[in-house]
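Mentor: Let us take this one by questions. Bring up the sequence and the model.

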Amino acid sequence: MARVKGSRNADYEKERARLLEATRLRLLAPDGAQASFRELAEAAGVSVATLRHYFGSREALVLEVMADMHRRGLPYLLASATEPHGPVRESLQWFLQTLLTGWRLGVGAVHAFGLSAGLGHATLGPAYVKELLEPTLQAAEARLARHIADGELRRCDVRHAALELVCPVVLGLLHQLQLSGASCRPLDVERFLEDHLDTFLRAHAVAAEPPVPPLPGAGRRV
């Protein structure tokens, strides 16, 4: 049966997925955000004309890679947003440790690429925010909102609170890992996370009600 005019066959989609994976790996290299369209084609083992046939332009390709990174991260973001992990301190400690572990396993490279590609770029900057940065912040918002609803955190602008919780950690990890700050100004990241969480909870946690003192003479036998 002849293929309908204008439709794309399975081989086309399979090859496009292969090219997307190959260029994604190249873009995640330390110098990946600066890779030219020709260098991306070489990394994928095809000509510039072939890569252009599948993606149109370097900008369109990078946008597609960011969207693909978002899709890959969705299961982890969903868990970060909704998976129960006890009362507020335990829950937020788990969230920050998960962020740290993910960062070390490749999430840091994703954000470093997004920042390098997006800073000062009218199209790639908003794409990085939408596909990669905001989903992490929104996962934090969802977790914080649950603890606010449970009465463990004070009512506040949950978006502001999520920025307050996540951004210092992201900056600290960029400082230590992607910017190699560990070689010139090392930071005990685990201790930093503990101190940061303590500070956050002092500002946002609902204080336990103090015990009611006994009335004068209470318990005295008449």
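Trainee: In which helix does Gln 176 lie?

Mentor: First, the ground rules: this is a predicted model, where local features need pLDDT of at least 70, side-chain atom pairs count only at pLDDT 80 or more, and totals for chains, interfaces and linings use all residues. Residues are numbered from 1 along each chain as its sequence is written, and side-chain values use heavy atoms, with hydrogens and water left out. Helices (H or I, at least four residues) and strands (E, at least two) are DSSP runs, numbered from the N terminus. Gln 176 falls in helix 7.

Trainee: Is Gln 176 buried or exposed?

Mentor: Buried means under 20% relative accessible area, exposed over 50%, and partly exposed in between (1.4 Å probe, protein chains only). Gln 176 has 6% relative accessibility, so this residue counts as buried.

Trainee: Which residues does Gln 176 touch?

Mentor: Contact means heavy atoms within 4.5 Å. Residues up to four places away in sequence are not counted, and that leaves Gly 181, Ala 182, Arg 185, Pro 186, Leu 187 and Val 189.

Trainee: At roughly what angle do the axes of helix 6 and helix 7 cross?

Mentor: Axes are lines fitted to C-alpha atoms, for helices over the stretch in contact, and angles run from 0 to 180 degrees between N-to-C directions. The axes of helix 6 (residues 124-149) and helix 7 (residues 158-178) come within 8 Å. They cross at roughly 115°.

Trainee: Which residues does Glu 141 touch?

Mentor: Glu 141 sits in helix 6. Its relative accessible area is 18%, so Glu 141 is buried. Leaving out residues up to four places away in sequence, Glu 141 touches Glu 134, Val 158, Arg 159 and Ala 162.

Trainee: How far apart in space are Leu 40 and Arg 58, C-alpha to C-alpha?

Mentor: Leu 40 is in helix 2, and is buried because its relative accessible area is 0%. Its contacts, leaving aside neighbours within four places in sequence, include Thr 23, Leu 51 and Arg 58. Leu 40 and Arg 58 are 18 residues apart in sequence, and in space 8.6 Å.

Trainee: Where does UniProt place the "DNA-binding region"?

Mentor: UniProt positions follow the numbering used here, feature names are shortened, and annotations may be inferred rather than shown by experiment. The chain over residues 36-55 is 80% helix and 0% strand, with end C-alpha atoms 14 Å apart. The unreviewed UniProt entry puts the feature at residues 36-55.

Trainee: Which residues on the other side of helix 3 are exposed?

Mentor: Helix 3 (residues 48-55) has Val 48, Leu 51, Tyr 54 and Phe 55 as its buried residues. They cover an arc of only 130° (taken from the directions from the helix axis to the C-beta atoms), so they are on the same side of helix 3. Their cover includes helix 1 (10-27), helix 2 (37-44) and helix 4 (58-82). Exposed on the other side are Ala 49 and His 53.

Trainee: How many helices are there in the protein?

Mentor: Of the 222 residues, 39% count as buried. There are zero strands, and the helices number eight.
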